[in-house]
Amino acid sequence: MTEVLYKYRGLDNFKNFVDIILKNRLYAAQYKDLNDPMEGQYYYHRGELNKTIRDKILEEKGTLRILSLSRVNNNQLMWSHYADGHKGVAIGVRIDEIEYDVQPIEYDGIVTIRNSDYNGQTAREILRHKLEVWSYEEEVRVFQRNQLFIDVKIEEIILGQRVSNQNVGLIRELLEKINPEIQIRRAEELFEN
């Protein structure tokens with residue numbers, strides 16, 4: 001199992017949050033649905049990557065599903081961008097590394113591909129690299145082909161600083177009934193000092 005990794009999310013669609021807790025799974029998106037406009041891009045020099053290989057890479061990227069997680073649970077930008085301005089949660093999970101391909105993101109820019117670089121992992125390799133500007137996310141990705149969900153072991157739920165009292169109560173009651181072993185913490189604890 002991996003270290004605890006975090007999925008930040010809002011609670012505006014509470015039904016999806018309940019699904020995560022009830023079924024111990026997280027949604028894996030296609031690369032084109034992720035928020036980085038450069039996602040899946042790569043460089044190649046004219047004449048060094050033929051159209052057949054470009055088409056194969058595009059097809060492979062289209063079959064991959066990606067779950068984006070973070071190594072950090074206390075980044076203010078992550079709470080603001082992905083957890084509905086601190087009104088959401090960070091879900092601490094572990095992933096089975098035997099069952100899933102878990103890869104850290106490298107923040108070294110867009111990769112360059114040549115015909116000789118192509119293999120069955122080229123699409124994943126392209127999707128493992130991002131621009132340095134995203135490095136604050138400390139992202140780890142789980143890759144899966146064609147399956148919508150990744151099974152997870154939920155360790156903790158961190159409540160954002162602005163989660164409503166009503167949602168705090170619902171989350172506590174939900175976890176108590178479904179899985180009381182999941183820890184609940186408040187984000188304020190992470191930002192003290």
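This tour moves through the structure stop by stop, saying what to select and what is found there.

The model is predicted, and local features are given where pLDDT is at least 70, side-chain atom pairs count only at pLDDT 80 or more, and totals for chains, interfaces and linings use all residues. Residues are numbered from 1 along each chain as its sequence is written, and side-chain values use heavy atoms, with hydrogens and water left out.

**The nonpolar cores**

Begin by selecting Phe17, Ile95, Ile154 and Ile157, which have the most contacts inside the largest nonpolar core, a group of 28 residues. A nonpolar core here is a set of buried Ala, Val, Leu, Ile, Met, Phe, Trp, Tyr and Cys residues joined through side-chain atoms within 4.5 Å, where buried means under 20% relative accessible area, exposed means over 50%, and partly exposed lies in between, with a 1.4 Å probe and protein chains only. Now colour helix 1 (14-23), strand 3 (64-70), strand 4 (89-94), strand 6 (139-145), strand 8 (153-159) and helix 5 (165-178), the elements that each give two or more residues to this core. Helices (H or I, at least four residues) and strands (E, at least two) are DSSP runs, numbered from the N terminus. Helix 5 supplies the largest share of the core, with 4 residues.

Next, centre the view on Ile95 and show what surrounds it: leaving aside neighbours within four places in sequence, Ile95 is in contact (heavy atoms within 4.5 Å) with Met1, Thr2, Leu67, Leu69, Tyr100, Val102, Val142, Ile150, Asp151 and Val152. A second, separate core of 11 residues can be found by selecting Val72, Met78, Ala90 and Ile158, which are among its members.

**Aromatic pairs**

Rings of Phe, Tyr and Trp (its six-membered ring) pair if their centres lie within 6.5 Å, and planes under 30 degrees apart count as stacked, over 60 as edge-to-face and the rest as tilted; by this rule there are 4 aromatic pairs. Select Phe14 and Phe17, whose ring centres are 5.5 Å apart and whose planes stand at 50 degrees, so this pair is tilted. Both residues belong to helix 1, where they are 3 residues apart, about one turn of the helix. Phe17 is buried, with a relative accessible area of 0%.

Then move to Tyr42 and Tyr44, another tilted pair, with 6.1 Å from centre to centre and 40 degrees between the planes. Tyr42 is buried at 16% relative accessible area, whereas Tyr44, at 36%, counts as partly exposed.

**Asn167 in helix 5**

Returning to helix 5, select Asn167, which lies in this helix and is buried, with a relative accessible area of 17%. Not counting residues up to four places away in sequence, Asn167 touches Leu11 and Phe14.

**Loops with positive phi**

Select Asp84 in the loop between helix 3 (76-82) and strand 4, where phi is near 50 degrees, a positive value in a residue other than glycine. Asp84 is partly exposed, with a relative accessible area of 37%. Asn146, in the loop between strand 6 and strand 7 (149-151), also has a positive phi, near 65 degrees, and at 58% relative accessibility Asn146 counts as exposed.

**The last stop**

Finally, look at Leu131 in the loop between helix 4 (122-127) and strand 6; Leu131 is partly exposed, with a relative accessible area of 32%.
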